[in-house]
Amino acid sequence: MSQATDTDVREDGIIESVSGPVVTARDLDARMNDVVYVGSEGLMGEVIEIEGNITTIQVYEETSGVSPGEPVEGTGSPLSVDLGPGMLDAIYDGVQRPLDVLEEKMGSAFLDRGVDAPGIDLEKTWEFTPEVEEGDEVEAGDIVGTVPETPSIDHKVMVPPDSEGGEVVAIESGNFNVEETVVELDSGEEIQMHQEWPVRQQRPTVEKETPTEPLISGQRVLDGLFPIAKGGTAAIPGPFGSGKTVTQHQLAKWADADIVVYVGCGERGNEMTEVIEDFPELEDPTTGNALMDRTCLIANTSNMPVAARESCVYTGITIAEYFRDMGYDVALMADSTSRWAEAMREISSRLEEMPGEEGYPAYLSARLSEFYERAGYFENINGTEGSVSVIGAVSPPGGDFSEPVTQNTLRIVKTFWALDADLAERRHFPSINWNESYSLYRDQLDPWFEENVRADWPETRQWAIDTLDEEAELQEIVQLVGKDALPEDQQLTLEIARYLREAWLQQNAFHDVDTFCEPEKTYRIMDAAKTYNDAAFEALDAGVPVEEITDIDAAPRLNRIGVQEDWDEYIDELEDDIESQLRELY
Amino acid sequence: MKEYQTITEISGPLVFVETDEPVGYDDIVEIELSDGETRRGQVLESASDYVAIQVFEGTEGIDRDASVRFLGETMKMPVTEDLLGRVMDGTGQPIDGGPEIVPDERRDIVGEAINPYSREYPEEFIQTGVSAIDGMNTLVRGQKLPIFSASGLPHNDLALQIARQATVPEEEEGDDDEGSEFAVIFGAMGITAEEANEFMDDFERTGALERSVVFMNLADDPAVERTITPRLALTTAEYLAFEKDYHVLVILTDMTNYCEALREIGAAREEVPGRRGYPGYMYTDLAQLYERAGRIEGREGSVTQLPILTMPGDDDTHPIPDLTGYITEGQIYIDRDLNSQGIQPPINVLPSLSRLMDDGIGEGLTRADHADVKDQIFAAYAEGEDLRDLVNIVGREALSELDNKYLDFADRFEEEFVDQGTDTARSIDETLELGWDLLSMLPKDALNRIDEDLIEEHYREDETAETVEAEA
């Protein structure tokens, strides 16, 4: 979070009343959404309502002990994030205070109050390499140089989006800290690596384009059945214990985005710690560098102040947009958007606003769509193309998808990964229900899969979908009469579908090999099941009894493909064995 | 300290006072009644000319003449190692007739959030001696794992069994690090005197009391008091864990009563209610309790929480279990059907879950085969459970041989694995061996969740032969 500089206009007010995170102040001259410092401890807050002489403030820290009469100080600027090199590998709270710096400043493992810290290290120097020369004309958004921020990512230093632009009169390479001027323009404007941007305002772009490239997640059920595009939006709703967080973690680990922004919004402290401990040790499958080198974490755990929870998703998406402006593909995971919605509800109820559905404020739907609309595949103002994909977890109360947050989210997002408590109970993970989930990107992504994986990807996938659909129908009958009462061909279909579920849809996130599955392997497993299917039906047509077909030794080996490192050879051999063993039967 | 006799309104547990000096939010208040009795309360809302106070001991008997003193500080808990072995009421006053408590420190009971950066990820296995937990839903140090129960079920027995039997394997080997002892903090909210006696008797009988701190808010104690009881318990727990290196197990019962108290206060303040009348901030409020579990880097101790809640109408979509499940790291379900079958403890492992299990088990922690055995048992038991519905319709004869084995597996799993009685403590080895005994009923190629090498190592060849013979 940016600290107000001395040049800012400061208009002081006096606290009128305190009720939890909501404080009202008298005589404060501030604009809507301005950041203010509340009380003698200087707790950070944001103006959320102005009525007559009274200004209402939501405070991002605990307000215990704050009393009326204490001062309130305006900063004259809205809630903004610090942008510049140093954001990757960082872990922030909901208002972009680095948690490691806070620990150091507070000298305690517990979060104290009234301590502020800039979002990026202002002292650290970076090696700046110019991309333009003296005499070049630059405009807002243009890339003027690069900084090797981490082994994976070159940070592009850009002309601020609100700049007038002009001719470069001075630029040099060398080591600078983020506040030193690296470029001077003829207009007298000086450009530093450090920028600020208000979190509630979308960074400008030229145009939103139709996404045509998938965000490969390495998860078979997602890439295979319900792919999301780079620049797309997805929702993962599910009751507790159904695997939302594991799915989000898997995406953060393996998605083939350049940058990952992970927002832990109102979730568990231990889970965030797991991310903090795991990610630096994990390897990015595309670059081989540490996963943390491309990751920015925002951790606002459920016991941190509620107002900061409301702002953390905005902090996250603003950082994501900044990297998008550099031409990167960014994936943002928000876990969970329900906690964000509840934070809105809590603040709204403290303001005594008229509630909408289930106590949520009437603007819930507008806020959700505003947020998800900041995702997309964009042409940036500097001519590069970049994307922000947003994947939001939703935690519906009681697992009931008809509640307002899920419903309002589903109206906006194009990919829906429905988590299912029944599947989770039988430890079918990822417990994504293949009958309820959908992806509206499937058609526009098919050309990519045809070109980059296999030409018959869509057909093979359709076969898998049909088989799973048929299984769902047959299961209803089986529930009534038992499996043995079905005709032989249907029994065989059930068996094939079982392998599709166990070998293809199930994936062990905790297994070193199985945790990530490249698209080619996803295809091969699906295709191996189809090979078995085709050969088995041929055998059935030739009069072989279904028990003998399902009893062949080779079939159960399908379930072991996921954990094979040399899957290519393994599958070749397996397909041969399946075919030869079946042929022996007739 | 200024005294006011300016009470303007008394409504439910709330008192409104006119003030002419600023009063801090959350500050502690003393109200002296005309007969000399003193009650304590807390500032819920502070404006420049009036203050809303929530009175812990109830507002009965307070009149306009009562005098109100603002103590100028937030609620504190006096903490010291000497609290071990002591019994307190729901507001932290000793009720065991013991000596006065001389505190080392007075700590704010609201507590600050642990910086996620400073946490250490919990991955030390706690052996509870209960197979359904150790084997299937393993508890680790620093976890918060609630027991989802309902009226009339033996959740208290389970909590006591865990408190009695919980050990960490390293302790058994005798190479225990100095000072990391085990302590139990028991926070009772609105439980009946009989339940309280049950706990106290057990603590005394097993000698557990001397390593315990007890906070008792009984069913006939003021409801509002319940909102501070768990905070006192957790403040004590944090002190013992992070200052004195204890491994603290906090049992909070019954969280449902705590939430009812929150609702009562919310209603008295005329707040806009959320689901089923519970306040909209209940998630945040519960999180501020549950999140006070964990480990901190560089500190020896840990806080592990075992909250108990009774689900109204056995309904886990009720706001209390629902919000709890979203905050805690899993849950243990007590099942009414299993209980009526006489299975002790009646834990239903299928909906139960321990989120921290995967990192707390395996080679070096429990055993290399633990994860695979657990996955396979879950799959096989779920299969058997499904088939039970079918068997009611078509009968056993109509099912295949394998399906019949799954049915037998489900029965034996409940009768042998889950049902162990409240006095048996099983080591993790015993639990896993028992798991293999049961899994060996199934043919080898049905064990698709287990690594082939492990099957070779542990599978009981003769076991299948026996079952086959028996069936023949």
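This is a predicted model: local features need pLDDT of at least 70, side-chain atom pairs count only at pLDDT 80 or more; totals for chains, interfaces and linings use all residues.
Helices (H or I, at least four residues) and strands (E, at least two) are DSSP runs, numbered from the N terminus. UniProt, in an unreviewed entry, gives residues 320–349 of chain A the feature "domain: Rhodanese". Residues are numbered from 1 along each chain as its sequence is written, chains are lettered from A and ligands numbered from 1 in the order in which they are written, and side-chain values use heavy atoms, leaving out hydrogens and water.

Chain A is divided into domain 1 (10–78), domain 2 (123–193), domain 3 (207–442) and domain 4 (457–583), with bounds that come from an automatic or database domain assignment. The C-alpha centres of domain 1 of chain A and domain 4 of chain A are separated by 63 Å.

Chain A also holds an open sheet of 4 strands, in the order β10-β13-β15-β16, with antiparallel pairing; two strands pair if DSSP finds at least two bridges between them. At the edges stand β10 (137–138) and β16 (190–192) of chain A, each with a single partner strand, so one side of each has no neighbour in the sheet. Strand β10(A) is joined to β13 (residues 166–171) of chain A by 2 bridges, and here Glu137(A) has Glu167(A) as its bridge partner.

Asn300(A) sits in strand β21 (residues 295–301) of chain A. Leaving aside residues up to four places away in sequence, Asn300(A) touches several residues, including Gly264(A), Cys265(A), Arg309(A) and Cys312(A); contact means heavy atoms within 4.5 Å.

Turning to the cysteines, the count of disulfides over all chains is 0, where a disulfide is a pair of cysteine sulfur atoms within 2.5 Å. The closest cysteine sulfur to that of Cys296(A) belongs to Cys312(A), 12 Å away, which is too far for a bond. Cys296(A) is buried, at a relative accessible area of 0%, and Cys517(A) is buried at 0% as well.

Chain B is divided into domain 1 (3–74), domain 2 (77–359) and domain 3 (369–470). Between domain 2 and domain 3 of chain B, the C-alpha centres lie 33 Å apart, and 27 residues of domain 2 are in contact with 22 residues of domain 3. About 2000 Å² is buried between these two domains of chain B, 61% of it from carbon and sulfur atoms; buried area is the accessible area (1.4 Å probe) that two parts lose on being put together, summed over both.

In strand β3 (residues 14–18) of chain B, 4 of 5 residues are buried. Strand β3(B) pairs in the antiparallel sense with β2 (residues 7–11) of chain B over 4 bridges, and with β6 (residues 50–55) of chain B over 5 bridges.

Conventions:
UniProt positions are given in the numbering used here, feature names are shortened, and annotations may be inferred rather than shown by experiment. Buried means under 20% relative accessible area, exposed over 50%, partly exposed in between (1.4 Å probe, protein chains only).
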